[in-house]
Each structure stands twice: as structure tokens, then as C-alpha cells.
Amino acid sequence: MNTSEVILAAVSAEPLSSTEAERAAWSPDCGAVVLFSGIVRNHDDGKSVTALGYSAHPTAAAVLSEVAAGIAAKYDGVRIWVAHRTGDLQIGDAALVAAVASAHRGTAFAACTDLVDTVKANVPIWKEQGFKDGSTEWVGVSDRP
């Protein structure tokens, strides 16, 4: 019997807290919590990033929930907390936060890596980057419906 649990899977316009994610994912039977924070950086592909915004398809929250449930089904005994931001973000803001807790670190690391990779590949959220030279670029739009 799989004892995994999805604590939270959300798309949010509000700031994300890695501390909140870690606290929510942990429980007394978990000896490991692996935390991933995708942070907005000031450069991409050699260009200075000055602005960044995320837009989500109306199905994004449902797809994120399905992804989290799929990871929970794949890895027994994990507790998952995952959220992705939308809206305008600043350099240093968390865009994606994921925490996976389990009894052992190997499972927590594997499940967290799988979770983040699957979120990035499947959840219909796109980012628009603004660069110092005034140009903009959409990332991921051609990859998704």
C-alpha cells in the first residue's frame, strides 16, 4: 500500500516560501526533506535579465496536481509540496518551490528531481523575460499547447 501524500500542489500569484514548503512536507516519520527553489536570476543565455513574468494556461493548476499525484504514486512514502508562481517576479524571487520528504534521502532526492523535471516538462506555464537591451523573449511557449 502506497503511503504517499500530496500536501500541496498549487499555482499562485503570491510569493512562495521554501521554509513553508519544508515545514509542510516534513513529518515525524520522515528523515529527509529535499527542497528545490527555482530562483529568478539576472541573466539567461549571456543576456542581462531585468524583468520576468509567468503566465499560466487555465489548466495549469490541474496539470500540476496531476503531476504531483503521479510522483506520489511512483514513490512510496513521500510527502510532496509544490507550487509555481505566476505574474511579475523580481530577480531573487522564487518561481518554483518543491519539497519532498521521505524516510530516506535517496527516495526524497529521486522523487524531488523527478517532480521538478516533470513540472517543467508538462505544466503549461510560460515565462516572458525582459532584457537590459529592451528585447523580450517567451520561454516554453512553442513547447506547450
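Where is the place of D45? I will come back to that after a word on the model. This is a predicted model, where local features need pLDDT of at least 70 and side-chain atom pairs count only at pLDDT 80 or more, while totals for chains, interfaces and linings use all residues. Residues are numbered from 1 along each chain as its sequence is written, and side-chain values use heavy atoms, with hydrogens and water left out.

Now D45. It sits in the loop between β3 (43–44) and β4 (47–56). Strands here are DSSP runs of E, at least two residues, and helices are runs of H or I, at least four, numbered from the N terminus. D45 is not a glycine, yet its phi is positive, about 55 degrees. D45 is also exposed, at 73% relative accessible area; exposed means over 50%, with a 1.4 Å probe and protein chains only.

Next, the sheet. Four strands form an open sheet in the order β1-β5-β7-β2, with mixed pairing. Two strands pair if DSSP finds at least two bridges between them. At the edges are β1 (5–12) and β2 (32–39), each pairing on one side only. β2 and β7 (residues 94–102) run antiparallel, joined by eight bridges. Within that pair, S37 stands opposite V97 of β7.

Last, the helices. α3 (residues 105–122) packs on the sheet and touches β2, β5 and β7; contact means heavy atoms within 4.5 Å. The direction of α3 makes about 150 degrees with that of β7. Axes are lines fitted to C-alpha atoms, for helices over the stretch in contact, with angles from 0 to 180 degrees between N-to-C directions. Helix α2 (residues 60–74) lies across β1 and β5 (79–85), at about 155 degrees to β1.

How values were computed:
Buried means under 20% relative accessible area, exposed over 50%, partly exposed in between (1.4 Å probe, protein chains only).
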